Amino acid sequence: MNIQENISLLPFNTFGIDKNARFFAIAKTTEEVNQLLLKAKEMDLPLFILGGGSNILLTRNIEALVLKIEIKGFDLVGESDKDVLVKVGAGENWHDFVMHCIQNNYAGVENLSLIPGTVGASPMQNIGAYGVEIKEVFDHLEAIDRNTLKLRTFSSEECEFGYRESVFKHELKDRFVITHVVFRLSKTSHINAEYGAIRQTLAEKGIQSPTIKDISDAVIEIRRSKLPDPAIIGNAGSFFKNPTVSVLSFEKIKSEFPNVPGFPNEDGIKIPAAWLIEQAGWKGKRFGNIGVHQFQPLVLINYGGGDGIEIKDLSKKIQDSVQEKFHIILHPEVNFL
Ligand code: FAD
Ligand code: EPU
């Protein structure tokens with residue numbers, strides 16, 4: 001357990017922003033998390049918990065102890081005829097976990113293939129893609145209270161999951177370090193191929209009765225064709241959440257923009273933020289080292305050497321122009337630091 005000083009966070013965030021951590025340490029076990037939390041208390045240091053850095057925007061140097069969670073391990077902790085309970089270390093790579101499930105024929109996370117980041121961060125925003133969110137396979141998690149250093153268990157209800165939301169982004173923001181997540185996965189796979197792009201990809205391949213591996217392969221193919229690879233071009237996935245408007249507001253927009261896409265949900269109609277941003281004229285725009293992706297305008301990008309403040313300023317301009325044109329407020333999905 002080693003606390004380093006003045007470490008560049010460039011290799012630790014997928015936006016590829018070069019800012020420093022005043023102090024930096026890696027925790028590979030729950031005990032190490034505890035020791036480092038204690039140390040931070042002794043040194044009176046603020047803390048920032050880091051996973052894979054794929055959902056953060058660094059706008060400044062971090063005058064804190066950046067604690068990177070690298071707790072590993074997959075453990076089968078329960079089994080019935082129908083399902084299994086798998087306990088996963090917070091520092092496991094999410095996609096490696098998905099691949100582990102597919103190899104063992106555990107169904108439920110195949111639609112979430114290739115999402116970057118760690119297992120420990122997955123409950124933070126209830127990660128989701130292609131018709132599935134982790135709340136559907138989540139059993140409980142273990143976390144250490146940063147104030148008392150006590151271990152606590154959270155059920156799904158206690159996590160208060162919503163669309164890209166959880167209690168850890170609100171009432172309990174900066175209060176817990178997630179050390180393990182326990183998932184309930186199905187042994188009798190019930191395939192979810194409802195999402196249009198998945199159906200289309202499977203049809204193109206002539207697959208009529210897909211396995212979970214087929215779904216995973218289709219999702220990987222779709223994602224590779226749509227989203228920029230952070231290893232090549234800096235980004236944090238969708239920068240904003242997709243807004244939901246009332247049916248009345250949707251009809252008003254539709255009267256002026258007949259092609260507006262809309263997807264009904266329990267709260268109204270979801271409008272793709274990508275469409276709003278494209279209509280506001282931002283798609284593919286480049287400003288020096290940063291810009292808006294040419295195929296997916298919901299993704300802001302760093303071509304290299306870009307600054308977090310510049311990206312934050314660009315995101316504000318995008319928000320203002322969408323609000324002016326459509327009277328819709330876009331809320332960031334990315335966590336600003
Ligand atoms: P980080 O960026 O390191 O941290 C995110 C937040 O979680 C921070 O506030 C951090 O403090 C906190 N945190 C991290 N680990 C812990 C822990 N162990 N305990 C307590 N707090 C913690 N997201 C989706 O939902 N769906 C997608 O389809 C999707 N696609 C993406 C595609 C690309 C190309 C990229 C770059 C990102 C995408 N994302 C997507 C966003 C991102 O992958 C997820 O939010 C992911 O869960 C972030 O994991 P991370 O480990 O990188 O978290
Ligand atoms: N669209 C445009 N112009 C474009 C691209 C897309 O108008 O250039 C419109 C189209 O109407 C398209 C719609 O946007 O049908 C939706 O696009 P896409 O299927 O790419 O999905 P998204 O809404 O942009 C969401 C998630 C992604 C997730 C995918 C697949 C959010 C904020 N984003 O993106 O999650 O992978 O669906 O389920 O909900 C992330 O959270 O970082 C992320 C990448």
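Reply: Buried area is the accessible area, taken with a 1.4 Å probe, that two parts lose on being put together, summed over both. The structure is a predicted model, in which local features need pLDDT of at least 70 and side-chain atom pairs count only at pLDDT 80 or more, while totals for chains, interfaces and linings use all residues. Residues are numbered from 1 along each chain, ligands are numbered from 1 in the order in which they are written, and side-chain values use heavy atoms without hydrogens and water.

Me: What is the area buried between domain 1 and domain 3?
Reply: The domain bounds, from an automatic or database assignment, are 4–69 for domain 1 and 234–336 for domain 3. Contact (heavy atoms within 4.5 Å) joins 11 residues of domain 1 to 17 residues of domain 3. Carbon and sulfur atoms give 55% of the buried area, which is about 1,100 Å².

Me: Which residues of domain 1 lose the most area to domain 3?
Reply: Three residues together account for 57% of what the domain 1 side buries. They are F15, N55 and L57.

Me: How far from an oxygen atom of ligand 2 does a polar side-chain atom of K283 lie?
Reply: A polar contact with the ligand is a pair of N or O atoms within 3.5 Å. Y163 places a polar side-chain atom 2.7 Å from a ligand 2 oxygen, and a polar backbone atom of F295 is 3.0 Å from one. For K283, the distance is 2.6 Å.

Conventions
A polar contact is a pair of N or O atoms within 3.5 Å; within protein, one must be able to donate a hydrogen and the other to accept it, and residues adjacent in sequence count only if both atoms are side-chain atoms.
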